[in-house]
Amino acid sequence: MESREIFWNISQIGWLYALTFIAFLLLFYGCYDHVKFWGTGRKTGGGPPLRLRWKSFLSLALFQRGILKRAYPGIMHLFIFWGIIVLFIGTVLLAIEHDFLKPIFSYSFIRGNFYKVYSFFLDLFGLLAVIGTVMMLMRKYLFPEYRGVRGRPDTLAVWSLFFVLVTGFLVESARIRGTGAEEPFSPIGYVLSALLPRLFDAESLQLFHEVLWWIHLVLALILIAMIPYTKLFHIIAGSFLTLSDPKVKKGILSPVFSEPLRLEPDRLTRLSRLQLLSLAACTQCGRCEEVCPVVSDQSLLSPRRVMDGLRRELQRSNNHLGFLQNGAFLAGFWECLACRLCEEECPISLKVAEKIVDVRRHQVMALSQFPAELRSVFRNVETFGDPFGEGKYAREDWIQGEAVKRRLRNRNGCLVWIGCQSAFHERNKKVAWAFTKLLDVLSIDYFLLGKEEVCCGDLARRTGNEYLFRDSVLKNIDTFRRYGVQKIVTLCPHCFHVMKEEYPHWGGHYEVLHYTELMAEVIQQGKVPFSKSLDKKTVYHDSCYLGRYHDLYREPRSVLNHVLMDGLMEMEKNRGSSVCCGAGGGNFWTRGNTGERINATRLEEVCDKGAQIICTSCPYCLVMFEEAIRNQERQGLVAMDLAELLDLVKPSGTEK
Amino acid sequence: MEKGDLWVILEHGNKELSDISKELCSQGRRMKKSHATLVAILVGREVQESAHRLGRYGVEKTYLVEGEDWARFNEEAYMDLLSNLIVEKSPSLILFGSTPMGNALAPRLAVRTRGALVTDCVDFKKQGDRWVAVKSIQGNKINAKVTLSADRLQLFTLKPGAFEIEEVAPLQPIEVIPIPFRPSPVRVRTKIIGFIKADPKSSPLEEAEVILAGGKGFGNLKEFKVLEELGDLMGATVAGSRPAVDLGWLPYERQIGLTGKKISPRLLLVSGISGAFEFVIGIKDSNFIIAINKDPAAPIFKSADAGIIGDHHEILPVLIETLKKVEK
């Protein structure tokens with residue numbers, strides 16, 4: 001019956017157990033350190049249901065769906081991951097048989113046909129792991145722009161892995177040669193054994209085997225012991241993270257205060273356990289840095305450095321944000337657009353933007369340190385209920401006709417939430433106007449709150465002023481209650497997001513729609529056919545809050561394709577990979593990033609397509625593109641909101 | 001106290017009465033009781049001439065304090081003078097301008113005389129035989145009405161520009177009483193040795209009185225420098241829109257607008273700026289805005305008090321030439 005002589009010519013097996021013991025001691029000690037640090041985090045209760053956790057674990061950890069979004073590194077990592085998993089399982093099975101079943105029950109199962117399959121799979125996956133590791137080494141040495149493996153510990157880990165695998169195969173081949181076994185079901189070892197120099201006599205073969213065997217063992221144990229001290233720890237932390245923090249709903253921030261209003265200082269000064277876990281799970285692969293629109297030579301922000309810096313600083317300070325002192329590092333936090341492109345790109349969906357907001361919260365609420373431009377914005381929202389400081393009586397200035405004026409607070413139909421941008425900003429007033437006209441044409445019942453509206457709070461929340469956010473939320477929820485609001489249609493994706501996903505924490509449960517959803521619905525029902533008559537080359541820019549936050553990619557496109565004669569053109573970066581206009585995360589109100597203007601870069605992409613209209617459905621994006629068009633003096637290109645575009649086309653049959 | 005006179009503490013520059021002084025006199029005349037006298041306190045060097053002209057604004061009596069000692073405003077000397085004078089003459093009501101001088105004196109005097117003070121008044125309303133002061137609070141968004149107890153000396157500081165100046169005819173004879181007062185060296189411990197004129201180039205944008213704003217319309221830095229030349233001639237501060245700052249023509253602290261400074265100068269000249277909302281939101285509080293733009297449809301004209309439709313490349317050099325001629 002086929003089986004394997006496990007140790008063949010290895011004596012002094014005692015050393016094996018001693019070294020293994022030391023390696024695992026180091027492993028556990030390192031893990032203990034991690035757990036201790038993790039314990040300094042605040043607890044976050046609840047969490048998503050178990051079913052979703054397992055789903056996320058299977059997809060992101062076992063099937064590596066996240067990392068496979070990119071082919072080369074995806075396959076590389078997949079090979080190494082599954083190679084090591086199978087080899088590890090093989091070794092564990094062997095240990096179970098040799099150290100437990102055999103001595104106690106005199107039972108062995110790794111023999112016969114099972115042994116053949118076992119040996120074949122081990123060889124196959126070992127080979128995959130070698131290929132993966134070689135790919136990694138090639139990437140490191142042939143493509144210097146790749147920065148996943150950096151620093152001595154990383155290099156040591158990769159090379160150790162490589163030599164563990166190679167020596168493993170060599171040991172196998174030497175054993176096969178030495179024992180004279182016929183093992184074609186261990187294909188790699190078998191082929192290698194034939195290739196071993198004929199010069200080897202029995203004695204030197206044994207020496208060769210023995211030396212390599214010990215090297216193989218020591219390197220493998222070093223790798224195991226290294227895990228908690230290097231980024232190899234992502235194996236453990238990442239697995240736990242995918243289990244405990246699946247991406248169910250995206251971009252929702254956790255509240256700082258407990259209700260009735262009480263601040264637990266911990267919530268301001270400490271990151272949560274989940275966040276500490278995600279810091280430990282980050283491998284610094286740099287995908288976030290590659291896609292982040294803010295990152296440039298002059299910018300201070302890099303999501304990768306945010307993760308790395310936070311992990312190191314917080315380990316030093318025992319998870320206290322007050323010890324973040326590096327001014328340039330902190331200034332970078334204010335450049336973030338909260339666009340979530342980094343989170344979307346991250347192989348295990350680490351929440352970077354969430355941590356950035358947590359640091360901003362500490363800066364704003366504990367230290368009162370934030371960009372000077374925000375001072376008046378905060379005060380305006382506080383005193384006047386809008387960031388422009390125009391006051392609530394100016395909120396109805398955009399309304400031109402009596403018909404719309406009659407809609408004010410008449411409680412008929414759904415609430416159309418105008419929002420500060422559309423109520424006060426000269427450019428966006430036109431959008432509000434176009435949209436209400438459209439609703440009248442479509443004879444959809446709606447009402448407006450006018451001066452009863454207060455800033456939705458998104459701007460305050462994303463800039464870390466949770467107190468102000470809470471204040472706005474409570475005011476609005478109270479207004480909604482007084483007017484019996486159940487269904488809300490918003491013009492702005494930012495209002496849409498907070499009302500849909502973040503108001504429920506304070507008891508505000510509504511059916512919230514962005515107006516593009518409503519329009520898509522109307523068109524789908526076919527009640528009001530718009531004519532397919534607009535013959536302008538049009539591109540659609542996905543706003544972050546509609547796109548990455550809510551995956552509303554189909555709705556605006558279906559509306560546009562309905563009215564565009566030649567159909568919609570797509571930009572290079574569209575849908576999930578769309579780039580922020582540069583206004584998100586409070587950057588509309590501040591001077592923003594120190595590098596190249598983001599709206600300018602994005603506009604160049606539009607111009608490359610030769611578009612005549614850049615269509616968007618977010619007031620922030622609209623203003624940013626208008627500004628970029630003005631600055632670059634682009635002729636023949638206009639920025640328009642989807643509502644304006646529809647207003648231009650007019651539903652056929654309603655023209656008089 | 002009720003029986004006492006009504007005093008106004010006047011200010012002047014270059015021997016000319018400042019506008020706030022005329023406002024104080026006119027408002028004082030409207031507020032004084034029939035039996036009381038409207039008294040002006042005029043302090044300075046060589047101010048006798050203006051003391052006699054005060055009758056035009058309804059002043060009946062002037063306490064004139066003249067001499068080298070009073071050439072410059074020194075709050076300790078003024079405090080010594082006024083507190084002595086108040087004890088001696090016991091007025092019932094004093095009006096100050098809400099100016100650096102008035103703001104320095106009124107609170108101190110209120111404490112020293114155990115009087116009652118309302119600052120930053122924009123109006124007065126009669127209630128029975130008493131005056132209710134209206135003052136603006138919360139960044140001028142809300143008006144508060146304040147009454148004062150009648151048994152104390154009442155002090156008010158008045159916002160410049162909020163009150164109407166009235167001239168009286170026929171001109172009444174005015175009694176000018178010189179007060180020979182020398183401040184006690186014990187009380188006056190500070191001495192002003194000179195003034196350093198603020199450089200409009202380095203003073204904060206929020207405090208600038210006259211601002212010249214330029215934008216991308218200037219085309220290049222060389223053209224933009226014309227604005228600086230004009231600024232030097234006018235003693236004005238040069239600022240710009242975000243594009244001008246992004247192009248590196250100006251440092252960031254000279255940026256006006258949503259992501260820059262919100263300004264409130266007395267005069268703002270805007271050229272080469274179309275007037276996007278993001279810019280306009282920063283100039284809303286300016287007192288008087290003149291816009292120069294080639295395009296009659298430019299949105300900046302909506303925000304301007306006066307507009308010139310034309311090319312600033314032609315207009316500004318003419319302005320510079322004219323100013324140079326005037327200076328000669």
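In what order do the strands of the open sheet of 9 strands in chain B run, and with what pairing?

1. The order is β9-β8-β7-β10-β6-β1-β4-β5-β11 in chain B, and the pairing is mixed; here strands (E, at least two residues) and helices (H or I, at least four residues) are DSSP runs numbered from the N terminus, and two strands pair if DSSP finds at least two bridges between them. The edges of this sheet are β9 (142-146) and β11 (175-178) of chain B, each of which pairs on one side only. From one strand to the next the twist averages 35 degrees, where axes are lines fitted to C-alpha atoms, for helices over the stretch in contact, and angles run from 0 to 180 degrees between N-to-C directions.

2. The model is a predicted one, in which local features need pLDDT of at least 70 and side-chain atom pairs count only at pLDDT 80 or more, while totals for chains, interfaces and linings use all residues. Residues are numbered from 1 along each chain as its sequence is written, and chains are lettered from A and ligands numbered from 1 in the order in which they are written.

3. A point to look at in the structure is B:Val8, which stands opposite B:Ala40 in β4(B).

4. Chain B also has an open sheet of 5 strands, with the order β13-β12-β14-β15-β16 and parallel pairing. Its edge strands are β13 (237-240) and β16 (306-309) of chain B, each pairing on one side only, and the twist averages 20 degrees from one strand to the next. Strand β15 (residues 288-293) of chain B is joined to β16(B) by 4 bridges, and the two run parallel; B:Ala291 stands opposite B:Gly307 in β16(B). Across β12 (210-214) and β13 of chain B lies helix α5 (residues 221-234) of chain B, which runs at about 175 degrees to β12(B).

5. A cis peptide bond, with omega of about -5 degrees, joins A:Glu259 and A:Pro260, and A:Pro260 is placed in the loop between β1 (257-258) and β2 (262-263) of chain A.

6. Two residues of chain A that are not glycine call for a look at phi, which is about 60 degrees at A:Gln284 and about 70 degrees at A:Arg340. A:Gln284 lies in the loop between α10 (273-281) and α11 (287-291) of chain A, whereas A:Arg340 is found in the loop between α13 (327-333) and α14 (341-345) of chain A. Is each of them buried, exposed or partly exposed, and why? A residue is buried if 20 or more other C-beta atoms, placed from the backbone, lie within 10 Å of its own, exposed if 12 or fewer, and partly exposed in between. A:Gln284 is partly exposed because 19 other C-beta atoms lie within 10 Å, and A:Arg340 is buried because 25 other C-beta atoms lie within 10 Å.

7. Between the chains, 10 residues of chain B are in contact with 13 residues of chain A, contact meaning that the C-beta atoms of two residues, placed from the backbone, lie within 7 Å.
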